[in-house]
Amino acid sequence: MKAKAMFLLLPIAMLISTILFAADVPYLTGRITDNAQLLSPEVNRSLSDSLQAHEKRTGNQIAVLTIATLDGESIEDYAVRVFESWKLGRKGKDNGVLIVVVPNDRRMRIEVGYGLEGTLTDAMAGRIVQNVMTPKFKNGDFDGGIADGAGAVIELLEGGELQESGIKTGSTEKSEFFEMDGPELSIQERILLGAFIFGIIGLFTAIGILTPGVGWFLYFFLIPFWAVFPIVVLGSGASFYCFIAYVIGFPITKLFIRKTDWYIKAQKDLRTKGQASIGGLSIGSGSSGSSWSSGSSGFSGGGGSSGGGGASGSW
């Protein structure tokens, strides 16, 4: 009974601790709230003037917040809390942007209001974070990183194009290649998700290539999976080439191994004996094609203010 009570109280205790130890939302004192004291007085003044001028021209409100640490809270959740508390942008237009920099956590985020998500898309915000701000922060230049990042936001909101001339040759191409139309992921998250996604579709791809009967069905069946799932890990650029590699590589590999002795033998055994063995696994033919088994086991498949827009990053 005590154990059950503890089990029920645990989520409540976690919720209370999250509320108690969450980072405070500072009072809005101006367009720049430099609590982490990253900006020099000169940059603070000039950037504040630029943000004010932009608001007069367009009505958009851009605010910058620096805070030393979030004490374990995700920067996405914190940015939404600040955005809602500060109520950036005009009512009904939701045309606000919040730039958050957390030096001790080495994290940053550009949070975009509903009304500007069509102009400052998640992908564009991600490019600013990765290509404009991150290189500066890695060199310890917080003045330049924050000023250039805010300047890039202003440029895009006023109809200009993102200027990345300060990036070293090749770094822009690399960032675009791994650009994600969605929330940023850490390298650990990419590895774990990649192992899960590619482990599953890779297994079915191997089965499709090696199986004489059902292989071509799996080829067409897996096309939408190879087109969509890798984007979560690799981004749209790399996923496109990964998809092309699958579309071309699968049939070429399939046609190549069809000429091997073991494949010909397995195909013949399926027609004459109703079963074959490939790599220690038994293939049994049935009315709907072929199935794989190993001993008595088998497998079966089935399927089943701010809106959080923007992009995060780390350095």
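Author: In helix H7, the buried residues are Arg 190, Gly 194, Ile 197, Ile 201, Thr 205, Ile 207, Gly 208 and Ile 209. Keep in mind that this is a predicted model. Now look at the spacing of those numbers: an α-helix has 3.6 residues a turn, so residues three or four places apart point the same way.

As for the helix as a whole, H7 covers residues 187-210, 24 residues in all. From first C-alpha to last, H7 reaches 32 Å, close to the 34 Å expected at 1.5 Å a residue.

Let's zoom in on one residue. Thr 205 sits in helix H7, and because its relative accessibility is 9%, under the 20% cut-off, Thr 205 counts as buried. So who are its partners? Setting aside residues up to four places away in sequence, Thr 205 touches Leu 222, Trp 226, Tyr 246 and Phe 250. With Trp 226 there's also a polar contact: the two side chains are joined at 3.0 Å.

For a bit of context, have a look elsewhere in the model. The largest nonpolar core has 34 residues, and Val 153 is one of those with the most contacts inside it. H5 gives the largest share of this core, 8 residues. Leaving out neighbours within four places in sequence, Val 153 is in contact with Ile 62, Val 97, Ile 99, Ile 110, Leu 120 and Ile 128.

Definitions and conventions: Residues are numbered from 1 along each chain as its sequence is written. This is a predicted model: local features need pLDDT of at least 70, side-chain atom pairs count only at pLDDT 80 or more; totals for chains, interfaces and linings use all residues. Side-chain values use heavy atoms; hydrogens and water are left out. A nonpolar core is a set of buried Ala, Val, Leu, Ile, Met, Phe, Trp, Tyr and Cys residues joined through side-chain atoms within 4.5 Å. Buried means under 20% relative accessible area, exposed over 50%, partly exposed in between (1.4 Å probe, protein chains only). Helices (H or I, at least four residues) and strands (E, at least two) are DSSP runs, numbered from the N terminus. Contact means heavy atoms within 4.5 Å. The expected span of a helix is 1.5 Å times one less than its number of residues. A polar contact is a pair of N or O atoms within 3.5 Å; within protein, one must be able to donate a hydrogen and the other to accept it, and residues adjacent in sequence count only if both atoms are side-chain atoms.
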